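I opened a new page for this structure. These are my notes on what I looked up.

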Amino acid sequence: MTPRGQPTVAEQMAARGMTRRVLLQFGACMASLLGLGTEAGPAMAEGLASARRQSLIWLSFQECTGCTESLTRAHSPTLEELIFDFVSLDYHHTLQAASGAAAEAARLASMKENAGKYLLIVDGSVSTRDDGVYSTIAGVTNLQMLEETARDAFAIIALGSCAAFGGLPYAHPNPTGAAPVSALIQGKPLVNVSGCPPIPTVITGVLAHVLAFGKLPELDHLGRPLAFFGETIHDRCYRRPFYDQGLFASSFDDEGARKGYCLYEVGCKGPIAYNACATQKWNGGTSFPIQSGHGCFGCSEPSFWDREGGLYGPLPSGQLGGSKAALVAAGVGLGLGAASAGLGRQRQRAAEADVARPRSDEEA
Amino acid sequence: MSSPVHLPLARASEPTGCGAGGKTGLAPALIVEIAECLAKLADGKGQSAIDLRSLPMTDGDRDELSQILGRGELSMSLALSGESEIWETAYPGVWRVLYRNRDGDVIGDFIEITTMPQIAVAHIDDVQHSRRRLARWLEDEHGRRAAR
């Protein structure tokens, strides 16, 4: 029992017939996913076992529910479903049984009882224009609800690209004045778990780390956990050898596409997208966009909806670094100018500009 | 006009170079590390573990490693969410721990160099819990006999 007389996670699980082995296996697999080293597995298991179930309040604002779907519809939910044993999900629109006034009362009661100790998850961006009237729950604006709930939280997880960077509502012309959590709340430990949606194991991994060790994992300059966002898709893409050899698909379903060549020409943003899709993959490790023949569109990066060139315009070759392949790609861009007037001209101009630009040391 | 060329809708080919199915030499290199850990265990200096999924192993590397290490006397199956397996290799003290989920996907793959992998040992809290459960069964049994 914890000092407050509430059962620990281990005690609650034992009452449901789950032994410590479940936690040991969970800890070992999670520590592996988080890149923490084998000693961290038992430490994570012990941290979870002796903790009281962590109070979790989940606020959903201008979102599509995709982040919740990602977590709860995980194809092989073994690890993901365990998270609900470690947390007490005190408020969540889609998952909680209560609704209306009862739901709001549950949120306020949890905030009071667990002041300073509850974890806050936010998905969706927050409307700020005209005092935030464009998105309200029970007559309370998202902005008010966020400020009031964040006050006594011990940490905040901004889940998904909308909460982390503004996402789709933030895209031009941003009619509701959508803003990410980081723009609105300062002075609270914050993790940005971006992605549209984030990979299920990424969500669980971050939660498990916070629950077991009581602190945030190591973060990058955008507040994203380095364990999952430390490398680009391009860094770990299995089609990289084709990129390096300058072998590209020029359009969907052409000969190059059927041979599984690099998808740079059809708009793959892999080189500038930091995420774990190339290693973790989706649907229980089944596949990820590039493996299915579609370029990455960089959904874990800020403002990806407004990226110049759109989803299917190739990245300017200057962003690919100074490899031989980049120059080949630029040449290909030039040659294809005739193919599709608008896009071809745009690419041609970009490629010409890049080729003409003196190469910096960085690109060498 | 010639007839359209039907390209076989093949899977994207694996990266060139060693080939994803081929061996990279990582398996023999790992044996060096395992040997060091085993020496440490033999000298009473503690246990170690290697997370195979943290290494860039190909299927060929994994097969080669399994071949070199072989299987020993003891193998255990662990029914948690899915069917997981723990077995001692042909080198006592060197174990393979393979965790699977309900769909049979591997979620953890470790080499443990130890006298017994920790997950196999019953935790004292679980022993306390089962002590109470068994005592309850005996009480109920006593009640059942008295009722006859």
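The entries below go through chain B, then chain A.

**Ground rules.** I am working with a predicted model, where local features need pLDDT of at least 70, side-chain atom pairs count only at pLDDT 80 or more, and totals for chains, interfaces and linings use all residues. Residues are numbered from 1 along each chain as its sequence is written, chains are lettered from A and ligands numbered from 1 in the order in which they are written, and side-chain values use heavy atoms, with hydrogens and water left out.

**Chain B, layout.** I looked up the elements of chain B and found three helices and five strands. Helices here are DSSP runs of H or I with at least four residues, strands are runs of E with at least two, and both are numbered from the N terminus. Along the sequence the pattern reads α-β-α-β-β-β-β-α. I then checked burial: 30% of the 148 residues of chain B count as buried. Buried means under 20% relative accessible area, exposed means over 50%, and partly exposed lies in between (1.4 Å probe, protein chains only).

**Chain B, surface patches.** Which residues gather in a patch of positive charge? I noted Arg131(B), Arg132(B), Arg133(B) and Arg136(B). Patch members have over 30% relative accessible area and no salt bridge; like charges are joined within 9 Å, and nonpolar side chains (Val, Leu, Ile, Met, Phe, Trp, Tyr) within 5 Å. A salt bridge is a side-chain nitrogen of Lys or Arg within 4 Å of a carboxyl oxygen of Asp or Glu. The areas come from the Shrake-Rupley method with a 1.4 Å probe; for residues, only the protein chains shown count as cover. Lys and Arg count as positive, Asp and Glu as negative, while His and the chain ends are not counted. A charge is placed at NZ of Lys, CZ of Arg, CG of Asp or CD of Glu.

I followed Arg133(B) into helix H3 (residues 124-147). Arg133(B) counts as exposed because its relative accessibility is 53%.

I also found a nonpolar surface patch of about 340 Å², made by Leu134(B), Trp137(B) and Leu138(B). Trp137(B) is in helix H3 too. At 46% relative accessibility, Trp137(B) is partly exposed.

**Chain A, helix H11.** I checked the length of H11(A), residues 200-213. Its 14 residues reach 20 Å from first C-alpha to last, close to the 20 Å expected at 1.5 Å a residue. The expected span is 1.5 Å times one less than the number of residues. Is H11(A) buried or exposed? Of its 14 residues, 13 are buried, so the helix is largely enclosed by the rest of the structure. Gly214(A) follows, with a positive phi near 70°.

**Chain A, backbone.** Most residues other than glycine have a negative phi, and most peptide bonds are trans. I listed some cases that go the other way.

- His172(A) and Pro173(A) are joined by a cis peptide bond, omega about 5°. Pro173(A) sits in the loop between helix H9 (167-170) and strand S8 (178-179).
- Cys196(A) to Pro197(A) is cis, omega near -5°. Pro197(A) is in the loop between strand S9 (190-193) and H11.
- Asp131(A) has a positive phi of about 60°. It lies between strands S4 (126-127) and S5 (136-137), and is exposed at 66%.
- Lys281(A) has a positive phi near 60°. Its loop runs between H15 and H16, and Lys281(A) is partly exposed at 22%.
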